[in-house]
Amino acid sequence: MAADSDPESEVFEITDFTTASEWERFVSRVEEVLNDWKLIGNNVGKPPEKGEYTSGTWEENSREINFADFKFSITHHYLKQESVESEEKEDGEEDAFPLAMQDLLCMNNDFPPRAHCLVRWYGVREFVIISPGANCEAVISESKCNLLLSSVSIALANTGCQVPLFVQIQQKWRKMYAGECQGPGVRTDFEMVHLRKVPSQYNHLSGLMDIFKSKIGCPLTPLPPINIAIRFTYILQDWQQYSWPQQPPDFDALLAGEVGGVEFGKLPFGACEDPISELHLATTWPHLTEGIVVDNDVYSDLDPLQAPHWSVRVRKADNPQCLLGDFLMEFFKLCSRKESTDEILGKNSVEEESKENSDITQALSKLTEPTAVPIPKLSVSNMVHSARKHIRRHRRHDQSPLNNDVLNSILQYLFPDSLGDKSDSNEAKATHSNPGGKNDQDKDTEDYNLFNLLKSAPSDSLTYRLALCVCLVNFYHGGVRAVAHLWQEFVLEMRYRWENNYLIYGLAAGPPDLRCCLLHQKLQMLNCCIEHKRARDESRKESGRDRKDTTSCENGLLGPESGRQGGSGGSPGKSWDSWSDSEDEFYECLSDTEEMKEVPAEGAKGAKIKPEGRLQPHGKLTLLNSDESLYIPITQEPAPMTEDLLEEQSEVLAKLGTSAEGAHLRARMQSACLLSDMESFKAANPGCSLEDFVRWYSPRDYVEEEVTDETGQTVVRGNLSARMNIPGNMWVEAWETAKATPARRQRRLFDDTKEAERVLHYLAVQKPADLTRHLLPCILHAAILKVKEEESVEDISSVRKAIQQVTSHTSKHLRHPIPDYKKLEDTINQLMVVEAIIARARSLKAKFGLGKGEKGEESEGLEKFVGSLLEEPEVSVIGAGRGPAGSIIHKLFVSAQRLADSSDEAALLAPLEDDPNRLGGPEDRKPMGGGGGVPDFPPPAGREILLRTCVPRPAPYSKALPQRLFCVLMREEFRLAGAFSSDTSFF
């Protein structure tokens with residue numbers, strides 16, 4: 001007893017039965033999600049319209065929930081519809097069937113072509129799925145499946161949710177679902193069977209009807225009518241009777257170099273294979289009853305030609321090989337190459353020459369022995385041509401990436417002026433001003449100005465043609481080695497033209513266009529240098545002729561200027577061509593002593609400074625200090641600059657800092673052009689003041705106002721603006737330091753020789769990868785134009801929208817200072833998709849006999865039908881098998897069947913007779929599968945049978961509730977998806 005009374009020996013074990021288990025927590029989480037999505041209570045809605053499941057918008061919400069440590073994903077799928085008005089909700093009965101049960105019997109959206117599989121099998125517009133998480137194993141065991149279904153049933157009962165709730169079971173690829181839907185006094189169970197093979201007794205309608213009747217177990221006699229909808233799908237894969245309409249490029253001509261200049265300017269387009277792999281014909285019997293049709297293991301009434309409804313969809317080939325896409329991708333791959341031109345083509349000529357002269361014993365004798373130096377051959381152009389000959393001599397003919405014929409064809413396409421006399425100035429000007437033969441109207445079009453959006457180059461420019469040639473050479477003639485060879489020849493041609501004063505063909509006149517790519521700007525800069533050099537040489541010749549013709553100093557100085565004023569066309573004071581030079585290439589400012597010798601001192605009594613470099617009077621303005629007219633001077637043009645030079649200049653100016661000294665130095669660096677114009681103005685207007693210069697150069701900085709003088713009269717007086725009167729103003733400082741020097745004797749603002757050498761060096765050091773990056777905008781520009789041209793023939797609205805999107809995205813990426821080449825690759829992929837769509841349109845038009853120039857209602861209907869096939873998932877065939885499109889589809893299947901019949905070898909060559917009786921009644925046609933002839937259609941690849949009825953279940957006195965069974969019969973799949981409703985109040 002003592003032991004029993006010991007408190008330590010008494011142990012009480014308390015079990016708390018109020019603690020929630022993991023299963024209860026899971027059910028609670030499901031209920032919480034259903035409440036958050038407001039899926040509680042009865043939902044009222046109008047029946048879905050015909051085709052709404054395909055054309056409507058489906059949306060989904062998703063959450064993650066856990067069952068212990070096992071993750072599930074719960075997803076709500078629903079068709080977005082307009083909300084039903086409150087009045088309709090009030091009118092709705094409290095005990096009305098849930099929407100899902102109503103949808104089971106709805107016939108407006110049977111066999112939707114684009115929807116979730118549960119929508120196709122059960123016809124529901126809203127449902128919730130609980131499926132295992134992404135990296136979780138499937139729910140396979142029966143106990144786990146039953147546990148999930150129990151959880152679903154409890155959650156639906158607790159919340160009053162009337163939306164069907166499904167659970168995904170078995171492996172995901174099997175698409176197996178089980179679920180439940182609850183309503184007031186009713187419940188629908190969703191069940192599924194999935195097998196690999198079709199059981200022989202259920203391979204026809206009668207066997208499936210037996211399953212359905214036994215499942216619903218209706219005790220009523222006679223049984224209520226069962227509504228039947230049947231769809232058979234036939235697949236056409238054999239297109240041998242129709243040749244693929246794409247014309248392949250002439251590879252022999254391209255490889256042999258027999259390509260004219262026109263061919264190099266064209267990008268290829270189209271698919272190399274048929275982009276349409278299959279045509280699926282769905283023949284549908286939408287409303288049948290049990291006694292109307294016979295389909296058993298012996299005989300079938302289901303003839304596709306007699307089906308009241310036909311619909312077609314096409315299966316597109318996965319990533320068809322397309323010519324334009326291949327060209328673009330091969331060109332784009334060059335961007336990642338690292339080799340330089342010398343590394344690709346081998347060592348340069350200097351190294352080869354040093355190997356030839358590597359005999360060490362002759363080294364001293366070569367240094368000491370006299371050698372004749374041919375002076376005329378020391379020009380750079382001659383060195384270039386000797387280098388070109390040396391390169392070709394040391395590169396064997398079979399090692400040259402581009403043979404001479406191909407290379408000459410390319411160079412003639414790039415430089416058509418090389419066929420004529422380059423020295424003809426008139427021809428040079430004509431080719432320079434209008435290289436592509438485009439008139440002003442053509443240049444105003446959107447396509448021509450596309451270069452502005454893409455920062456490429458005009459479609460008639462040399463840069464654009466060079467990009468096309470590089471792309472074609474890369475694809476056809478040896479890849480990166482051929483590109484390096486072409487680029488080397490191009491740079492040599494540029495050097496030759498600079499040395500010989502030949503303008504570069506295909507470039508617009510004027511300074512570099514900053515809207516274009518950098519390579520185009522560099523070529524324009526080189527052309528500017530050639531223009532300046534030619535103008536200087538011509539001025540030197542004219543000046544020399546004037547000296548011979550006259551001994552007058554005045555005529556010698558002013559003659560060339562006055563003779564060129566008319567050619568300036570009234571330009572606003574910038575006329576480089578008007579300068580006259582003497583023997584030197586260009587003049588620096590003369591020294592002070594030389595100025596004093598030529599011009600009398602300004603302060604000398606009675607001396608008058610002679611004006612120089614006048615262009616024309618500036619209206620009626622006169623100098624403030626005298627009655628002399630104010631003349632506009634001949635000035636130097638500001639130095640043209642490319643965007644990289646502008647960026648360099650801005651970086652240098654930014655590095656000067658914000659200090660007073662840095663700001664002053666920055667202002668002086670930027671005032672070179674201002675100082676030059678001041679000197680020209682002083683030379684043209686002796687005795688002028690800063691106010692006179694400001695009146696011409698910056699009229700807003702000269703403020704005039706009316707004042708009353710001492711005599712009481714109103715006069716107009718002018719003063720410099722406030723910013724001009726700031727102490728230390730750069731304009732005042734520059735005016736004080738400026739000398740009266742005409743533009744022709746000033747130091748050049750633009751040193752064309754130096755800039756030309758910089759451009760040529762820049763071109764010479766470009767690697768093939770650098771060249772590709774420079775030309776990529778032009779190639780994308782050409783590709784977009786090509787796609788636009790091809791689309792205009794086919795007239796596809798979706799392609800037009802896609803082209804606009806591609807152009808917009810490409811413009812945004814190319815205008816970025818550092819383009820993202822991964823995004824540009826995506827742009828190329830988008831262009832490939834567009835090319836494939838156009839190729840599919842052509843393939844379908846060829847198969848349906850369009851494009852032959854025939855017009856009429858029938859051809860217009862076919863064109864509309866083909867256009868719908870490209871843009872819609874499934875297209876109805878007007879008139880089914882007896883309509884224009886249906887008869888063509890029938891012929892396609894008949895031809896494929898004849899070709900597939902190996903016993904009839906002559907059918908491969910015999911044409912299909914266009915027999916109008918072929919589409920006759922059943923008496924003119926053998927039954928499907930019967931007789932010894934070849935059937936018109938192959939066995940159906942898929943059969944879908946939908947059975948619906950409304951019967952009381954489980955008892956005869958229960959409510960009449962909807963029952964549905966969807967059957968899928970394929971070669972390697974047999975699926976039954978049943979929705980069976982029962983009355984939970986009267987059972």
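I began in helix H31 (residues 768–794), where the side chains of arginine 773 and aspartate 770 meet in a salt bridge, N to O 3.0 Å. For my notes, a salt bridge needs a side-chain nitrogen of Lys or Arg within 4 Å of a carboxyl oxygen of Asp or Glu. The two residues sit three apart, about one turn of the helix. Helices (H or I, at least four residues) and strands (E, at least two) are DSSP runs, numbered from the N terminus.

A note on the source: this is a predicted model, in which local features need pLDDT of at least 70 and side-chain atom pairs count only at pLDDT 80 or more, while totals for chains, interfaces and linings use all residues. Residues are numbered from 1 along each chain as its sequence is written, and side-chain values use heavy atoms, with hydrogens and water left out.

Next I looked up accessibility for that pair. Buried means under 20% relative accessible area, exposed over 50%, and partly exposed in between (1.4 Å probe, protein chains only). Arginine 773 is partly exposed at 30%, and aspartate 770 is partly exposed at 24%.

Glutamate 790 counts as buried at 11%, whereas arginine 842 is partly exposed at 22%. Salt bridges with shared partners join Lys786, Glu790, Glu794, Arg842 and Lys845 into one network.

How many salt bridges does the rule give? The count comes to 36.

I picked out one more, between arginine 744 and glutamate 612 (2.8 Å, N to O). Arginine 744 is in the loop between helices H29 (730–737) and H30 (752–764), and glutamate 612 is in the loop between helix H24 (592–598) and strand E10 (614–622), so the pair ties together parts 132 residues apart in sequence. Here both ends are buried: arginine 744 at 9% and glutamate 612 at 11%.

Then I turned to the nonpolar cores, sets of buried Ala, Val, Leu, Ile, Met, Phe, Trp, Tyr and Cys residues joined through side-chain atoms within 4.5 Å. The largest has 136 residues, and Met494, Phe848 and Ile889 touch the most other members. A second, separate core of 50 residues includes Val30, Leu156, Cys181 and Ala979.

My last stop was arginine 495 in helix H21 (residues 480–499). Arginine 495 is buried at 17%.
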